[in-house]
Amino acid sequence: MTAERSRQHELVFRSLPFYANGTLNPQETGQLEAHLAGCLSCQAELVRWRDLAAAARSGPEWSPSPADWAAMESRIDRADGRARDTPIGFRETIRSWFAIAPAPMRWAFAAQAALVVVLAGALLFRPGGARIYETLSTPEKVAPSDRARLHVVFAEDATEREIRAALQDLKAVIVYGPSPTGVYTVELPFAASAREQLDQAIARAKANVKIRFAAPPG
Amino acid sequence: MGVVIAITRADTRMVVCPPLRMVREGILEDLKPHAVEPFAEPASANETRGTPDDELALIRATAKGDRAAFKTLYDRYAPRLGRYLLRLLKRREVVGEVVNDVMLVAWQSAARYEPRASRLSSWLFGIAHNKALKAMERMGARKEDLLDEEATEDFASRDDGATPEQTAIGHQTGAALLSALEGLSPNHRAVIELAFAEDCSYQEIAEITGCPLNTVKTRMFHARKQLARLLAERSGR
Ligand SMILES: [Zn+2]
């Protein structure tokens, strides 16, 4: 074997895996094929690389579950919240409640949380509602208050009169909004600590076909 | 049966690829390997290094906070990144979280993606590669498995009188090969996976792993050698 041929063999031999996967440029391919035609050693090696390529392609696969995407959304909410210096988002709140609950309560809470997520999901993923989700971590740009508040999104086709009627029904006033994504923060005529009244107001809001989404802030 | 390949231990200079060393020292962010890679061929000014137009549009929209665009990228890349991570980490239960680590970097740093510097796929796989190394450290991988230091052995004989080490490799079935692949070290598995599951060029593998071009080819060769040993062990030789 001449020195030149030996050098060429070494070059080609090292490049065979990338010839096998078709990623060499035309010039490299041309040089390689010129040597390959006359070199049994390289031909044999190429066969083995092709076997190996086929084996690598038949390895285990992975695909994300809906829970993986939900976790992803939760993390980008949190990341965005941090970037904008805002309170933690809705899902994160649930997660942190879950984390601090005493162990015996966790399963009961998990069941409740699952229900909340299902209900919220049903609201969030109504047609045209996909973008609401990110508003859950929208900063609250209003003065704090001890009154109960809700984040509300009205139906896209809601008229001004219908919005007014919905607010009167809840005895609510708008304290902020609409946000760039259409969320209103409304204040209710009772204390934030009055959970039962708040739950009733949420139920009432959800029953209103002109309200697409209603939940406590944060 | 089997073809004999002569292997010479000619040069024992140690090569440490930049990302791993710098990751270990905490001076390299997830996004840097491409910026510090001095070996890859420079891109011409207007080249986008093969990132498809629709993906460029998606990452641009992601940079502006468009979640629908990000979801499309996620759906497209999460299975590929997850497959790569699964084959390196070998623990299915941690893959989802590491994929999300990678995609979170993409979400937060989309504006810093530079199409003239790397393909979008290389950018994402580069982040995944670094996350995989960190995950392996967290999972308590042995140091010698993670260290990139390996002799830059030349496989062709040289005139310096070094002793050839001979490795016989016969034709193997797919199942035996796949099983042997599982036994490769992470660095060797990485180059094999990137070359054959992802069809990366050696330039792209250099970008993703942060290694010089020559190291990529050398590492491919070592991966083959390691596979040959594993196959020989398993067939009882
Ligand atoms: Zn040859």
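How many salt bridges are there between chain B and chain A? I started my notebook with that one, and the count is 7. A reminder to myself before going on: this is a predicted model.

**Entry: charged and polar pairs**

I picked out one of the salt bridges by name: the side chains of Arg75(A) and Asp101(B) meet with N to O at 2.8 Å. I then looked up polar contacts across the interface of chain B and chain A, and found 18 residue pairs, both partners at pLDDT 80 or more.

Next I asked which elements of chain B give two or more residues to the side that touches chain A. They are β1 (3–8), α4 (67–89), α5 (92–109), α8 (174–181), α9 (186–196), α10 (202–209) and α11 (213–234). Sorting that side of chain B by class, I got 30 nonpolar, 11 polar and 14 charged residues.

**Entry: extent of the interface**

I looked up the contacts too: 55 residues of chain B touch 40 residues of chain A. Interface size is often given as the accessible area lost when the parts come together. Here I read about 4300 Å² buried between chain B and chain A, with 61% of it from carbon and sulfur atoms.

**Entry: the zinc ion**

Which protein atoms hold the zinc ion as donors? I found ND1 of His9(A), NE2 of His35(A), SG of Cys39(A) and SG of Cys42(A), at 1.9 to 2.3 Å from the ion. Along the chain, these donors follow the spacing H-x25-H-x3-C-x2-C.

I checked the geometry last. The ideal angle for four tetrahedral donors is 109.5 degrees. The 4 donor atoms of the zinc ion make angles of 105 to 116°, and the site is tetrahedral.

Conventions:
Residues are numbered from 1 along each chain as its sequence is written. Chains are lettered from A and ligands numbered from 1 in the order in which they are written. This is a predicted model: local features need pLDDT of at least 70, side-chain atom pairs count only at pLDDT 80 or more; totals for chains, interfaces and linings use all residues. Side-chain values use heavy atoms; hydrogens and water are left out. Contact means heavy atoms within 4.5 Å. Buried area is the accessible area (1.4 Å probe) that two parts lose on being put together, summed over both. A salt bridge is a side-chain nitrogen of Lys or Arg within 4 Å of a carboxyl oxygen of Asp or Glu. A polar contact is a pair of N or O atoms within 3.5 Å; within protein, one must be able to donate a hydrogen and the other to accept it, and residues adjacent in sequence count only if both atoms are side-chain atoms. Helices (H or I, at least four residues) and strands (E, at least two) are DSSP runs, numbered from the N terminus. Ala, Val, Leu, Ile, Met, Phe, Trp, Tyr, Cys and Pro count as nonpolar, Asp, Glu, Lys and Arg as charged, and the others, Gly among them, as polar. Donors are N, O and S atoms within 2.8 Å of the metal (3.2 Å for Na, K and Ca); water is not among the atoms, so sites may look incomplete. Four donors count as tetrahedral if all angles lie between 85 and 135 degrees; four count as square planar and six as octahedral if opposite donors are over 155 degrees apart and all others between 65 and 115; anything else is irregular.
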